[in-house]
Amino acid sequence: QLSLSRLTMKRLFSTSHSSVDSKEMKKFQLLAHKWWDEEGEYSALHSMNDIRVPFIRDTLLNMSSNYHLGNPLSGVKILDVGCGGGLLSEPLARLGASVTGIDPLEDNIRTADQHKSFDPVLDKRIQYKSCSLEEIVEESMETFDVIVASEVVEHVADLEMFINCCSQVLKPEGSLFITTINKTQLSYVLGIVVAEKIIGVVPEGTHEWEKFVPPEELERLLESNGFSVKTVNGMLYNPFSGSWSWMESTSINYAVHAVKLGAEGQSSQTDDLSEMESEQRSATAGTAV
């Protein structure tokens, strides 16, 4: 099955089909040198770390029995897709994870590489590559324990293919974390009109409302690609305090945690039937006692 899917992937990529959107790349090219300016265009992403890093860390710790004090994510292999200048890769590596950060823009990777080089610990734990997710699929089937795609899916050209690729490079029972923007009237008003045009916390033209993804659609795509969605949390940005908080409503920003089903989760119907039969047998055996 693996070699078959590798063949289909090869066929997919031999056409010029890619999840990378060249229009989106041009937008980010102009800002590549500004990633680490905490007061600049990416200030909202810097402060998002205050909630997205603990969300990733605590979710993973709750699923794991190994706990390394000081290095809670020690031994965890993370792929940070669309890592930009490394704003999320660095704090995850500080928690002990070994992080591969990928971004199709070479200038972003140059900025990320330069920034991590100031810290010898981070320098060892993070590896950056200027490439697409599809290129990682070709060389790293089922390699990563965790994939993080934060503020990325609203910029990709083909979301279904993107999710499929995530599944291919994630180990069975691995975790996928996504943060993105819902497609609502409120997200249009706040995410584009207010954020970009009025107060300018996001560079104008960063987002296109048509590409925003409703959580229902994202959940459907995840489930049809072999994931089980565990958590969907609403997120709220306060532009006056510059801080993020969790909220009940997913009408603007939201975060998702999904787990790739193991082999048994993706078994065929006949397997399910035989499983049911054996469960029934054990149930009747239980009653006989």
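**Salt bridges and a sheet in a predicted model**

Tutor: In this predicted model, Lys 34 and Glu 41 form a salt bridge, with their closest N and O atoms 3.3 Å apart.

Student: Why is the contact of Glu 41 with Lys 34 called a salt bridge?

Tutor: The term requires a side-chain nitrogen of Lys or Arg within 4 Å of a carboxyl oxygen of Asp or Glu. The closest N and O atoms of this pair are 3.3 Å apart, so the contact meets the definition. Side chains of opposite charge can pair when their charged atoms come close.

Student: What makes Glu 41 count as partly exposed?

Tutor: Its relative accessible area is 27%. Buried means under 20% and exposed means over 50%, so a value in between is called partly exposed. Lys 34, also with 27%, is partly exposed.

Student: How do you know that Glu 24 counts as buried?

Tutor: The relative accessibility of Glu 24 is 4%, and the cut-off for buried is under 20%. Lys 211 has 19% and therefore counts as buried as well.

Student: What makes the pair of Glu 24 and Lys 211 a salt bridge?

Tutor: The N to O distance is 3.4 Å, and the limit is within 4 Å. This pair links distant parts of the chain: Glu 24 belongs to helix α2, Lys 211 lies in the loop between α9 and α10, and the two are 187 residues apart. Both residues are part of a network of salt bridges that also links Asp 21, Lys 27 and Glu 208.

Student: How many salt bridges are counted by this rule?

Tutor: The count is 14. One of them joins Arg 110 to Asp 107, with the closest N and O atoms 2.8 Å apart. These two residues both lie in helix α5, three residues apart, about one turn of the helix.

Student: Why is one side of β3 and of β7 left without a neighbour in the sheet?

Tutor: Eight strands form an open sheet in the order β3-β2-β1-β4-β5-β8-β6-β7. Strands β3 and β7 stand at the edges, each with a single partner strand, so one side of each has no neighbour in the sheet.

Student: How do you know that β4 and β5 pair?

Tutor: Pairing requires at least two bridges between the strands, and β4 and β5 pair in the parallel sense over six bridges. Within this pairing, Val 146 has Ser 175 in β5 as its bridge partner.

Technical notes: Residues are numbered from 1 along each chain as its sequence is written. This is a predicted model: local features need pLDDT of at least 70, side-chain atom pairs count only at pLDDT 80 or more; totals for chains, interfaces and linings use all residues. Side-chain values use heavy atoms; hydrogens and water are left out. Helices (H or I, at least four residues) and strands (E, at least two) are DSSP runs, numbered from the N terminus. Buried means under 20% relative accessible area, exposed over 50%, partly exposed in between (1.4 Å probe, protein chains only).
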